[in-house]
Amino acid sequence: MRAHKSERHFTIQTSQPPVQVPFLNLAAQYAALKDETLQAVEKVLAGAHYILGPNVAAFEQEIATYTGARFGIGVNSGSDALTLALRALEIGPGDEVITTPFTYIAPAESIHQMGAKIVFADINPRTFLIDPQAVAKKTSARTKAIIPVHLFGQAASMDELQALAKPRGIHLVEDCAQAVGSTYLGRGVGSIGRLGCFSFYPTKNLGADGDGGMVVTNDEALAKKLKMLRVHGIERRYYHDLHGYNSRLDELQAAILRVKLPRLNGWNARRATIAARYSAGFAGLPIELPVTAPGNSHVFHVYAILSDLRDELQKFLTDRGVPTLIYYPQPLHRQKVYEDLGYSEGDFPVAEAVSRRILPLPMYPELTDEQVDYVATRVREFFGK
Ligand SMILES: Cc1ncc(COP(=O)(O)O)c(C=O)c1O
């Protein structure tokens, strides 16, 4: 049940000049936490409770509390969190689920895995978040759920989506993979919809040293069902009441994540500081800077600019030791795997235009001010400023 993601291991191979500002630097985070991490790992190994042990239980409670939800259910990945969430809601053939075409593929995959129909709705050109008006146009009597993705670190317009969903009995399943710690009108993402799905993929704001994910919910019955679904549909060992999965958050990963969680707010604050420093450095340039929607606190999983000269700028930066990675270069409705959905170029013009113009820049808490300034100076140089 693992998404194919080889392209996301960001060791960028290049015969270019020496890298001045790595696109990511997971080793720096490990170095800072090495002693505590090794102690936590050693304790799990010595305790020999490797599956669904005390760290998973404690971490589920800690994430639930952190997000403001009542229950947390640790699963194997963010992709599985979405799949199990849709399964728990009994979404299946004949149902439609609306999501964004401008995101990582996992939410669309989870819909497909249920045998339901993937329905895309276009995005806002400045926040890149799903546009509630576009969602309204795609809503039908068959719509059973909406998966808003809190892309790049800020929440989709949950109030407008709720207003659309609630009277029609449509479930909101929040994809919080990129937004752990962000809030919408003061509420933690994940705790607002019926279910909230998190990823602890290593590059996320709260990243494990391997795969990991979590579903949070305020609904006790759904929490119970999810706990069964992740272990082959059992409540009692060897008695299977549901068609389930093997999708558990690993005890070792939970122990490592518990070392990191107390640092998350500090890391997210540092990301916001870096974002502000980039934006100040880019003032006056003919590019579009990230926008935080009203009511949101943004945790800047990604800091991305828009430029008509994106490809030239990317090359200019690479040549000066600033490798970058474009996501997402191809919106989901244009992916080969979804050809049978019958979408074509022009169906989601905003997502398509953003895909052509977007350039994510290095963004992680360990970036120094000097590195941020180096990037900003190179971008200014490109524009002759
Ligand atoms: C928006 C979004 N949803 C879901 C996922 C899936 O998470 P995972 O890689 O843990 O399966 C990711 C991350 O990779 C993501 O960015």
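## Ground rules

Since we're looking at a predicted model, local features need pLDDT of at least 70 and side-chain atom pairs count only at pLDDT 80 or more, while totals for chains, interfaces and linings use all residues. Residues are numbered from 1 along each chain as its sequence is written, and side-chain values use heavy atoms, with hydrogens and water left out.

## The seven-stranded sheet

Let's start with the open sheet of seven strands, which runs in the order β1-β9-β8-β5-β4-β2-β3 with mixed pairing. On average, neighbouring strands here are turned by 25 degrees against each other, ignoring direction. A word on terms: helices (H or I, at least four residues) and strands (E, at least two) are DSSP runs, numbered from the N terminus, and two strands pair if DSSP finds at least two bridges between them.

Within this sheet, β4 (residues 143–147) and β5 (residues 171–175) run parallel and are joined by two bridges. If you want a spot to look at, I146 sits opposite L172 in β5.

## Helices on the sheet

Helix α3 (residues 78–88) packs on that sheet, touching β1, β4, β5, β8 (195–199) and β9 (213–217). Its direction makes about 160 degrees with that of β8. Contact here means heavy atoms within 4.5 Å; axes are lines fitted to C-alpha atoms, for helices over the stretch in contact, and angles run from 0 to 180 degrees between N-to-C directions. Helix α4 (residues 106–113) lies across β2 (96–99), β3, β4 and β5, at about 145 degrees to β3.

The two helices also pack on each other: α3 and α4 meet at an angle of about 40 degrees, and their axes are 9 Å apart. The crossing is right-handed (the near helix is turned clockwise from the far one by less than a right angle). From α3 come S79, L82, T83, L86 and R87, and from α4 come A106, P107, S110, I111 and Q113. By class, this contact has five nonpolar, four polar and one charged residues. For these counts, Ala, Val, Leu, Ile, Met, Phe, Trp, Tyr, Cys and Pro are nonpolar, Asp, Glu, Lys and Arg are charged, and the others, Gly among them, are polar.

## The three-stranded sheet

There's another open sheet, with three strands in the order β7-β6-β12 and antiparallel pairing. β7 (187–188) and β12 (296–297) are the edge strands, each pairing on one side only. Two bridges join β6 (residues 183–184) to β12, and T183 stands opposite S297 in β12.

## Cavities and a pocket

Rolling a probe the size of a water molecule over the atoms shows where empty space is left. On a 1 Å grid over the protein atoms alone, a cavity is a set of points where a 1.4 Å probe fits but cannot get out, while a pocket is an open set with protein on both sides within 12 Å along at least five of seven lines; lining residues have an atom within 4 Å of a point. Grid points are joined across faces, edges and corners, and a volume is the space filled by probe spheres set on the points.

The structure holds two cavities of 30 Å³ or more. The largest has a volume of about 90 Å³ and is lined by 13 residues, with L26, Q29, R271, Y364 and P365 nearest its centre. Helices α1 (26–47) and α9 (264–281) are the elements that give two or more residues to this lining, which divides into six nonpolar, four polar and three charged residues. The second largest cavity holds about 80 Å³; its lining includes R126, F128, F152, H298 and Y303, and by class has eight nonpolar, three polar and one charged residues.

Of its 14 lining residues, L52, V231, I234, R237 and R248 are closest to the centre. The largest share of the lining, three residues, comes from α7, and the lining splits into six nonpolar, two polar and six charged residues.

A cis peptide bond joins Y327 and Y328, with omega about 15 degrees. Y328 lies in the loop between α10 (310–319) and α11 (349–357). E90, in the loop between α3 and β2, has a phi near 60 degrees, a positive value in a residue other than glycine.
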